[in-house]
Amino acid sequence: MAPASSAVKAVPLLANVRGRRLLAPEREQWSGMAESMKAGGAGLLALWGTDDRDRDGCFRIHAAYLLPDEVVLVEHALPAGSESYPGLGPLFPVAGRLQRSVADLLGLRAEGGDERGWLRHGGWPETFFPLRRDSPATARFARISAPYPFVAVSGDGVHEIPVGPVHAGTIEPGNFRFSVVGEKVLRLEERLGYTHKGVARRFEQLSQSEGQRLAARLSGDSAVAFSWAYCAALEAVTGVAVPPRAAALRALVLERERIANHLGDLGALGNDAGFAFGLAQFSRLKEDLLRANAQALGARYPFDFVVPGGVARDLPAGAPAALTTQLGALETAITELRRIYDDHPGLQDRFREAGRLERELAGTLGALGLAARASGLGRDLRVDQPWPPYDRLAPKLAVRTEGDVAARVQVRFDEVLESIRLCRLLLDGLPDGATGVEVPAAEPDRLGIGLIEGWRGPVLIALHAGPGGAIRRCHPHDPSCQNWPLLEFAILGNIVPDFPLINKSFNLSYSGQDG
Amino acid sequence: MLEVLKRIARGGVLSEPLPTADEVRREQGRLQSSLLEVVGRALCIRHVDAGSCNGCELEIHALNNPYYNLEGAGIRFVASPRHADLLLVTGPVSVNMEEALRRTYDATPDPKLVVAVGDCGACGGVFGESYASLGSIAKVIPVDVTVPGCPPTPVAILQGILGATRKAPSRGRNP
Ligand code: SF4
């Protein structure tokens, strides 16, 4: 086959990171691009569809690929009247659930893909596609209950344990089907989508300036990352440059979000391994951090601190010094707790070898962020493609090769200490000047990409502008979509009672994946 | 082990007086006496995420940190609705969680209390109502108290729980 890329048209990509945007008019080019991306070592980052029938009679399918040094967008217009496209599953396993989501929301079918509903659980009919422009926003449906066809596992002594969707404990809802022999897990199949709230459709009812509020609430634990990604996408389509002080303050709150989540997880991981002391200590440190947020940023969880054009408020006088002092105390406490964790034989015994994910499998599955770094895949957008202010901070990469719970604990320790260093640097060299600029309405039909390394991994916002400051389409992507399938593999051969610990070591977002 | 003990010694007992925790402690005192009056024993709470963004969960988790000392105030989170006196429900109710929420409610023994947490639980929040979201918790099960905020602070959630236990004797059962 002749290289398909010869006929593919390149247009500039509007984004906060380096990249290319390629239009693939033919279906062979869509598939060919996927093959060359795969050959070039790219991972499939996100997949979404758009209903452009009002413009040219076509649906479009869009793929975002992530390479170490750039993001590549490929879009393909389906021939008028067509509602299917070549599936990417054979090249990128993660495509499976992404394609099922596109099918549920827009009615575009991936050829050769799994046909089971993913986000649609019977709450709306198979013939209703919420992201089609002719689907009324007021549509409501009676529930059609049907059992989900889990893949059956048979064999001598194999039995199934269904768990969820409501779990014992303060966590989000999801369904896990374990096939076990004795206590050993032979297979795990996840069923997610329970918290699907229709966010993509909801974006279309908001203006470009309002979209940040929804972006912050896609996955509350990554509110800063998603707000920033949304704002970065909007700033990219409007050509707005954020003042240096605002960029520094954004990075400060992003790193504090990373610290808060890592502290919470480090405590919970200790607890799940039978070390309640860890939970008490780390949850106390996290609470101190949140209280300092309330004083310096106006909220314990500053969901709406990052706003289009900059940040919502400046730090009060004295806050930089107070925050710096607290970060010092935090660093001392964490270093001490790390030594306790490292030297605790019982804890290490539970952490080591548990939920192991080998580097090669992590690569094949397209692992992202923290989980990928714990399996030896050293990717971090802050390091690989630093956007301001990370371009002047030189963040250090945290990477481990073991791929087990212990490695994911160590990556968290490394990252939390590095984030403290970055926060200090930011507070120390806080640029003077404005904390924001006006953002005009974007020109209609522009597409902007915001890509931010959140605490869990890269979060993406693809923003298609509409006329007069409207959102034509907005697609959010949480790295949990890539990482949920990892858990199905990491659990294999482990015992069921270790599931909470292994699950926590990934700590994935249900809401982020469900949309 | 020595390190652990040293750390505990240095950290002190956090639920002891702390300048920043006055409000919380006052609240805890009130809560505890109210619990004794109303429930006559520890209050058992079952959390249900009916579709939240997970932000409210972060603050419910915080209730278990040493500053709020929930267990000390006589409150326990339990793993089954059958053992619960109170359901702490978050989120706009997603269409996909409606059935599970109803079932959890039905499985909770009477008399039961329901606290709807967060702007979403109160009114659907930023998600509103759509093909996928039913909006407020009260659209699906009877709610005794709503706690606004996005996410609400742990103190606000505690106040909501307290408010619900106070309402307990006379509360109406209609949404
Ligand atoms: S109230 Fe706010 S924090 Fe709570 S679920 Fe809703 S959006 Fe998330």
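Is Cys231(A) buried or exposed? Select Cys231(A) in the predicted model: with a relative accessibility of 0%, this residue counts as buried.

Keep Cys231(A) selected and display the sulfur atoms. Cys231(A) takes part in no disulfide, and the nearest cysteine sulfur, belonging to Cys474(A), is 11 Å away. Next select Cys423(A), which is likewise in no disulfide; its nearest cysteine sulfur is that of Cys231(A), at 19 Å. Cys423(A) is buried too, at 0% relative accessibility. Over all chains the count of disulfides is zero.

**The contact between the chains**

Colour chain A and chain B separately and turn to the contact. Chain A contributes 57 residues to this contact and chain B contributes 50. Together the chains bury about 4,400 Å², of which 57% is on carbon and sulfur atoms. Between the two chains there are 25 residue pairs in polar contact, counting residues at pLDDT 80 or more. On chain B, the elements that each supply at least two residues to the side touching chain A are α1 (2-11), β1 (43-49), α3 (55-62) and α4 (98-107). Of these, α3(B) gives the largest share, seven residues. The side of chain B that touches chain A consists of 25 nonpolar, 16 polar and nine charged residues.

Select α3(B) next. Seven of the eight residues in this helix are buried, among them Gly55(B), Leu58(B), Glu59(B) and Ala62(B).

Which residue of chain A forms a salt bridge with Glu59(B)? The partner is Arg300(A), with the closest N and O atoms 2.6 Å apart. Two salt bridges are found across the interface of the chains.

**From the interface into chain A**

Glu287(A) is in helix α8 (residues 276-297) of chain A, while Arg300(A) is in the loop between α8 and β12 (306-307), 13 residues apart. Glu287(A) is buried, with a relative accessible area of 1%, and Arg300(A) is buried at 9%.

**Salt bridges within chain A**

The structure holds 50 salt bridges over all chains. Select Asp54(A) and Arg133(A), whose side chains meet in one of them at 3.9 Å, N to O. Asp54(A) is in helix α2 (residues 53-56) and Arg133(A) is in the loop between β8 (109-111) and β9 (158-163), so this pair ties together parts of chain A that are 79 residues apart in sequence. Arg133(A) is partly exposed, at 30% relative accessibility.

Move to Arg412(A) and Asp265(A), where a salt bridge has its closest N and O atoms 3.0 Å apart. Arg412(A) belongs to helix α14 and Asp265(A) to helix α7 (residues 244-272) of chain A, and the two are 147 residues apart. Arg412(A) is buried at 0% relative accessibility, and Asp265(A) is buried at 3%.

For a network of salt bridges, select Glu255(A), Arg258(A), Arg373(A), Asp380(A), Arg382(A), Glu415(A) and Glu453(A) together.

**Arg97(A) and its surroundings**

Select Arg97(A), in helix α3 (residues 95-106) of chain A. Arg97(A) is buried, with 13% relative accessible area. Its side chain makes a polar contact of 2.9 Å with that of Glu488(A). Beyond residues up to four places away in sequence, Arg97(A) touches Trp118(A), Glu190(A), Leu192(A), Trp484(A), Pro485(A) and Glu488(A).

**Backbone features**

Most residues other than glycine have a negative phi, and most peptide bonds are trans. The next selections depart from this pattern.

Which form does the peptide bond from Pro388(A) to Pro389(A) take, cis or trans? That bond is cis, with omega near 5°, and Pro389(A) is in the loop between α13 (381-384) and α14 (405-428) of chain A. In chain B, a cis peptide bond joins Cys150(B) and Pro151(B), with omega about -15°. Pro151(B) is in the loop between β5 (145-147) and α6 (154-167) of chain B.

Return to the loop between α13 and α14 of chain A and select Ala394(A). Although not a glycine, Ala394(A) has a positive phi of about 45°, and the residue is exposed at 55% relative accessible area. End the tour at Asp445(A), in the loop between α14 and β14 (447-453) of chain A. Asp445(A), not a glycine, has a positive phi of about 75° and is partly exposed at 46% relative accessibility.

Notes
Residues are numbered from 1 along each chain as its sequence is written. Chains are lettered from A and ligands numbered from 1 in the order in which they are written. This is a predicted model: local features need pLDDT of at least 70, side-chain atom pairs count only at pLDDT 80 or more; totals for chains, interfaces and linings use all residues. Side-chain values use heavy atoms; hydrogens and water are left out. A disulfide is a pair of cysteine sulfur atoms within 2.5 Å. Buried means under 20% relative accessible area, exposed over 50%, partly exposed in between (1.4 Å probe, protein chains only). Contact means heavy atoms within 4.5 Å. Buried area is the accessible area (1.4 Å probe) that two parts lose on being put together, summed over both. A salt bridge is a side-chain nitrogen of Lys or Arg within 4 Å of a carboxyl oxygen of Asp or Glu. A polar contact is a pair of N or O atoms within 3.5 Å; within protein, one must be able to donate a hydrogen and the other to accept it, and residues adjacent in sequence count only if both atoms are side-chain atoms. Helices (H or I, at least four residues) and strands (E, at least two) are DSSP runs, numbered from the N terminus. Ala, Val, Leu, Ile, Met, Phe, Trp, Tyr, Cys and Pro count as nonpolar, Asp, Glu, Lys and Arg as charged, and the others, Gly among them, as polar.
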